[in-house]
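Here is a short report for a reader who is new to this structure. Look at the model first, then read on.

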Amino acid sequence: MYEKGRASSPKALLTPLKRRESACVYFLRLAAWSQAVEDTVWQCHEAARANGVVLDRGIPNPENAHLTYYREILGDAYAEDAPGISAHLARWMPALNPAQREELATGLSGLLREQKGQGKTQGALKNLYIKILCWLYYRFRALAASLGVDPLPLIFCVAEEGLSAHALLLLRLLSGVGADVLLLEPRGDGAYLSLDPESRWSDLCEIPGAAPFAGDFSLKTFRRRHAPAQTAQPRAAATQ
């Protein structure tokens, strides 16, 4: 498992693991905006597109078809111990190498123990388990194959409505096993702090001179500012 490093700027996410002061990952939040960071944030977006994942509007719940496929492959499977989880992952995501599978299993087992210690019922834990495995398969399968490999994969997540508690657990899991995270919060930091009041799991970027995000900020408008040709091409093709 990787330790969370301290960083105050998105620039840290562009630093290869071998050049960091320690073998750490970064999990950063950006709750305000400044032109001074725009180019750096775009570089992070492009890094995530090349090696990671870009998420718009957070992480939606698995669809019914995803849950159906889970049951086809794993039936009613649920485990809390790392060996049991690893066995399920071997069937569910066979492309993972043994080290990645063991790291994910260890990390997920730790999260389940944490949630159990907070009084979550067995049914709630099982629902969380199935949701996380579905997310890993349908949203993060390509990223999972790069976990822990330098340069680390990057998760670029725009959370207009904030994160759900389960989505934060997933990002914590992926960060701990070797992925960086940049979380953009166009509506401010309040929703995140309701889940993590002491900022234990991520660091807020303190940008000098930053102001609230523009009211119309979205991943779509951000991309338009930086890649107008890329956004125009699909529209042109659609008219042919």
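The lining of the second largest pocket divides by class into 6 nonpolar, 2 polar and 6 charged residues. This comes from a predicted model. The volume of the second largest pocket is about 210 Å³. Its lining has 14 residues, and Glu114, Leu168, Arg172, Leu195 and Trp201 are the closest to the centre. Two elements, H4 and H7, each give two or more residues to this lining. H7 gives the most, with 4 residues.

Now take the largest pocket. Its space comes to about 320 Å³. It is lined by 14 residues, and those closest to its centre are Tyr2, Lys4, Arg172, Gly176 and Trp201. Strand S1 (3–4), H4 and H7 are the elements that give two or more residues to the lining. Here H7 gives the most, with 4 residues. By class, the lining of the largest pocket holds 7 nonpolar, 3 polar and 4 charged residues.

## The nonpolar cores

In soluble globular proteins, nonpolar side chains tend to be buried together. In this model, the largest nonpolar core has 49 residues. Tyr70, Tyr129, Phe140, Ile155 and Leu174 touch the most other members. Helix H5 (residues 122–138) supplies the largest share of this core, 10 residues.

What does Tyr129 touch, leaving out residues up to four places away in sequence? The list is Tyr70, Ala77, Tyr78, Ala79, Ile85, His88, Leu108 and Leu112.

## Helix H5

H5 has 17 residues. At 1.5 Å a residue, H5 should span 24 Å. Its end C-alpha atoms are 24 Å apart, so the two values agree.

Which residues of H5 are buried? They are Leu125, Leu128, Tyr129, Ile130, Lys131, Ile132, Leu133, Cys134, Trp135, Leu136 and Tyr137. Lys131, a charged residue, is thus among the buried residues of H5. The buried residues of H5 pack against several helices: H2, H3 (82–92), H4 (98–117), H6 and H7 (165–176).

Most residues other than glycine have a negative phi, and most peptide bonds are trans.

The peptide bond from Asp150 to Pro151 is cis, and its omega is near 0°. Pro151 sits in the loop between helix H6 (141–144) and strand S5 (154–158).

The other two places are residues with positive phi. Arg57 has a phi near 65°. Its loop runs between strand S4 (52–56) and helix H2 (64–74). Is Arg57 buried or exposed? Its relative accessibility is 57%, and exposed means over 50%, so Arg57 counts as exposed.

Ser199 has a phi near 50°. This residue lies in the loop between helix H8 (190–195) and strand S7 (203–204). At 22% relative accessibility, Ser199 counts as partly exposed, because the value falls between the 20% and 50% cut-offs.

How values were computed. Residues numbered from 1 in each chain as written. Predicted model: local features only at pLDDT ≥ 70, side-chain atom pairs only at ≥ 80, totals over all residues. Heavy atoms only, no water. Core = buried A, V, L, I, M, F, W, Y, C linked by side-chain atoms within 4.5 Å. Buried < 20%, exposed > 50% of the residue type's maximum accessible area, 1.4 Å probe, protein only. Contact = heavy atoms within 4.5 Å. Expected span 1.5 Å × (residues − 1). 1 Å grid on protein atoms, 1.4 Å probe; cavity = no way out; pocket = protein on both sides within 12 Å on 5 of 7 lines; lining within 4 Å. Points joined across faces, edges and corners; volume = space filled by probe spheres on them.
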